[in-house]
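Please load the model into your viewer and follow the stops below in order, selecting residues as they are named.

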Amino acid sequence: MSTDPVRIERRCGQRFQLHLPLTIHVDGKAVPGFTQDVSSRGLFLYTEAQLVEGSVVELTFTMPSEVTLGESMRVRGRGRVLRADPSRRAPGNGVAVQLDSYEYLPSLEAEPTAELTPAAASAPSREAPGALSR
């Protein structure tokens, strides 16, 4: 008999398990991080930065062609931190960010892309809002 609570899925967009390098801009600083999963409304990331709930952040990264259904595109998103927790499984802190807006940026140089897997196909992980789709 399992004692795990039953979770209700509240996300309305498809999440992609997507490991992308990104830059987090907060309080006048730029710090590196990487995503765990991404959807049209948010993302879950890891960073060494100490972010607190409610912090406003700007994120820049490159969405791969598998998500944009075209060419890879640089994206700048603005949002706020919903949750920040130290991680036992990955380096840094796990951070859930809800995106309020995002825009596609002019391409500069090609940046590394990542392997794309629908999150539902992988083992369940920490709950976080989804991230970007076109």
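How many aromatic pairs does a search of the whole structure find? In this predicted model, the search finds three aromatic pairs, and the tour begins with one of them. Select Phe-44 and Tyr-46, whose rings lie 5.5 Å centre to centre with 85° between the planes, an edge-to-face arrangement. Phe-44 is buried, its relative accessible area being 0%, and Tyr-46 is buried as well, with a value of 4%. Because buried means under 20% relative accessible area, Phe-44 at 0% falls within that class, and so does Tyr-46 at 4%.

Next, select Tyr-102 and Tyr-104, and turn the view until both rings can be seen. Their centres are 6.1 Å apart and their planes stand at 90°, so this pair too is edge-to-face. Are these two residues buried or partly exposed? Tyr-102 counts as partly exposed at 31% relative accessibility, and Tyr-104 is also partly exposed, at 27%.

Finally, clear the selection and colour the chain by secondary structure. The chain holds one helix and eight strands, and from the N terminus on the order of its elements is β-β-β-β-β-α-β-β-β. Of its 134 residues, 41% count as buried. Among contacts with a separation of 6 or more, 65% are made by residues 24 or more positions apart.

Note on methods
Residues are numbered from 1 along each chain as its sequence is written. This is a predicted model: local features need pLDDT of at least 70, side-chain atom pairs count only at pLDDT 80 or more; totals for chains, interfaces and linings use all residues. Side-chain values use heavy atoms; hydrogens and water are left out. Helices (H or I, at least four residues) and strands (E, at least two) are DSSP runs, numbered from the N terminus. Buried means under 20% relative accessible area, exposed over 50%, partly exposed in between (1.4 Å probe, protein chains only). Contact means heavy atoms within 4.5 Å. Rings of Phe, Tyr and Trp (its six-membered ring) pair if their centres lie within 6.5 Å; planes under 30 degrees apart count as stacked, over 60 as edge-to-face and the rest as tilted.
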